[in-house]
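Colleague: I would like to learn how to read salt bridges in a model. Please take me through the one shown here.

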Amino acid sequence: MWTRAGVGDLIAKLYRVRLTEQGVGKYLRRWGLSFRRPDKRAVGQDAEAVRVWREETWPAIRAKAKAEGGEVLFADQVGIRSDQVTGRTWGAQGCTPVVRRTGNRFSVNAMTSISAKGRMHFTR
């Protein structure tokens, strides 16, 4: 993962030139780069299996659904709890931040699906 600080350190190491983080950012933008959230890809991804899915399997599924007057849906299930971990936040040194919440716990499970055309379905 490259940050402006990391790129600046590399430039300093290779060329013995120190740049501010803002300066490094200006150069990166000038070179056509932008600060983006990276995609996450499976380490064991099989490129051939992906190719077969895209070029053979998916077109066959889509054609069968069309021929039968059906709709292909991509589904996912999610569970949400009221006592989930709240994560981290900034606060004064020596003072632990407090997140106020009730003592009541509840959870919701939902099943959602979306079509290739963006039509959504869900249940609770």
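Modeller: Start with a single side chain. Arg 119 has a relative accessibility of 47%, which counts as partly exposed. Bear in mind that this is a predicted model.

Colleague: Which residue does the side chain of Arg 119 meet in a salt bridge?

Modeller: The general idea is to look for a side-chain nitrogen of Lys or Arg within 4 Å of a carboxyl oxygen of Asp or Glu. Here the partner of Arg 119 is Glu 71, at 2.9 Å from N to O. The two lie in distant parts of the chain, 48 residues apart: Glu 71 sits in the loop between α3 and β1, and Arg 119 in the loop between β2 and β3. Glu 71 is partly exposed too, with a relative accessible area of 36%.

Colleague: How many salt bridges does a search of the whole structure find?

Modeller: Six. One of them joins Arg 51 to Glu 48, with 2.7 Å between N and O.

Colleague: Why are Arg 51 and Glu 48 separated by about one helical turn?

Modeller: Because they are three residues apart in helix α3, which covers residues 47-67. Arg 51 is partly exposed at 31% relative accessible area, and Glu 48 is partly exposed at 43%.

Colleague: What is the distance between the closest N and O atoms of Arg 51 and Glu 56?

Modeller: It is 3.9 Å, and the pair forms a salt bridge. Glu 56 has a relative accessible area of 45%, so it is partly exposed.

Colleague: Which residues are linked in a network of salt bridges?

Modeller: Glu 48, Arg 51, Glu 55 and Glu 56.

Methods:
Residues numbered from 1 in each chain as written. Predicted model: local features only at pLDDT ≥ 70, side-chain atom pairs only at ≥ 80, totals over all residues. Heavy atoms only, no water. Helix = DSSP H or I, 4+ residues; strand = E, 2+ residues; numbered from the N terminus. Buried < 20%, exposed > 50% of the residue type's maximum accessible area, 1.4 Å probe, protein only.
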